[in-house]
Amino acid sequence: MSPTLNNDELIICNKRSNFKSGDIVAFYFNNKIPDFTPPLLLKGTDFRMTVWKMLLDIPYGETISYGDIAKAIAKRRGIEKMSAQAVGNAVGHNPISIIVPCHRVVGSKGSLTGYGGGIKRKKELLRLESNAAALAKLK
């Protein structure tokens with residue numbers, strides 16, 4: 001999967017581009033760990049697209065903090081600091097939740113904060129991923 005940047009667009013495709021977004025959602029809610037990302041067309045600012053691309057890189061069943069994303073972006077840009085709140089704003093504008101897994105981003109010390117679908121849903125999505133990952137290890 002290699003992203004192509006075109007001004008305000010991020011196009012993500014991979015070898016299994018015949019899959020549709022509904023396929024990944026079906027995999028997801030049937031406790032299967034998807035091994036593909038459907039073709040996506042995301043539109044946003046350079047900063048938002050940078051954040052969204054980082055969300056796609058968060059492994060299934062794992063989390064990362066807003067602060068860790070901010071530090072990684074600052075390092076890539078060669079600047080001293082990046083605002084975790086700015087990252088949170090970009091995460092909050094993610095147009096394709098679940099597929100672009102914004103629910104995997106947590107507050108400092110693992111606190112569950114900020115999810116457009118509500119904290120209860122965020123917790124359930126993380127629990128679902130945790131269970132699927134455990135089941136995959138048993139196979």
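1. The buried residues of helix α4 are covered by elements that include α2, α3 and β5; contact here means heavy atoms within 4.5 Å. Helices (H or I, at least four residues) and strands (E, at least two) are DSSP runs, numbered from the N terminus. The residues of α4 that are buried are Val87, Ala90 and Val91. Buried means under 20% relative accessible area, exposed over 50%, and partly exposed in between (1.4 Å probe, protein chains only). Viewed down the axis of α4, these residues fall within an arc of 100°, so they line one face of the helix. The arc is taken over the directions from the helix axis to the C-beta atoms.

2. The model is predicted: local features need pLDDT of at least 70 and side-chain atom pairs count only at pLDDT 80 or more, while totals for chains, interfaces and linings use all residues. Residues are numbered from 1 along each chain as its sequence is written, and side-chain values use heavy atoms, with hydrogens and water left out.

3. The other side of α4 also deserves a line. Exposed residues Gln85 and Gly92 sit on the face of α4 turned away from its buried side. At the start of this helix, a side-chain oxygen of Ser83 comes to within 3.1 Å of the backbone nitrogen of Gln85. The pair is a polar contact, that is, N or O atoms within 3.5 Å; within protein, one must be able to donate a hydrogen and the other to accept it, and residues adjacent in sequence count only if both atoms are side-chain atoms.

4. On the overall layout, the protein has 5 helices and 5 strands, and their order along the sequence is β-β-α-β-α-β-α-α-β-α. Of its 139 residues, 36% are buried. Among contacts with a separation of 6 or more, 57% are between residues 24 or more positions apart. The accessible surface is about 8,300 Å², and carbon and sulfur atoms account for 52% of it. Areas come from the Shrake-Rupley method with a 1.4 Å probe; for residues, only the protein chains shown count as cover.

5. The largest nonpolar core holds 27 residues, and Leu55, Val87 and Val91 touch the most other members. β3, α2 (46–56), α3 (66–77), α4 and α5 each contribute at least two residues to this core. The largest share, 7 residues, comes from α2. Such a core is a set of buried Ala, Val, Leu, Ile, Met, Phe, Trp, Tyr and Cys residues joined through side-chain atoms within 4.5 Å. Leaving aside residues up to four places away in sequence, Leu55 touches Ile69, Val91, Asn94, Val100, Pro101, Cys102 and Val105.

6. The count of salt bridges is 3, where a salt bridge is a side-chain nitrogen of Lys or Arg within 4 Å of a carboxyl oxygen of Asp or Glu. Glu129 and Arg104 form one of them, at 2.9 Å from N to O. Glu129 lies in helix α5 (residues 119–138) and Arg104 in the loop between α4 (84–92) and β5 (105–106), so this pair ties together parts that are 25 residues apart in sequence. Both partners need checking for burial. Glu129 is buried, at 0% relative accessibility, and Arg104 is buried at 7%.

7. Another salt bridge joins the side chains of Glu124 and Arg127, at 3.1 Å from N to O. These two residues are 3 apart in helix α5, a separation of about one helical turn. An α-helix has 3.6 residues a turn, so residues three or four places apart point the same way. Glu124 is partly exposed at 41%, and Arg127 is partly exposed with a relative accessible area of 41%. A salt bridge also links Asp57 and Lys53, at 2.9 Å from N to O; Asp57 is partly exposed, at 42% relative accessibility.

8. Backbone angles to inspect: Ile98, although not a glycine, has a positive phi of about 75°. Ile98 is in the loop between α4 and β5 and is buried, at 18% relative accessibility. Lys109, also a residue other than glycine, has a positive phi near 60°. Lys109 is in the loop between β5 and α5 and is exposed, with a relative accessible area of 90%.

9. Ile33 is in the loop between α1 (21–29) and β3 (40–43) and is partly exposed, at 33% relative accessible area. The C-alpha atoms of Ile33 and Tyr60 are 7.3 Å apart, although the two residues are separated by 27 residues along the chain.
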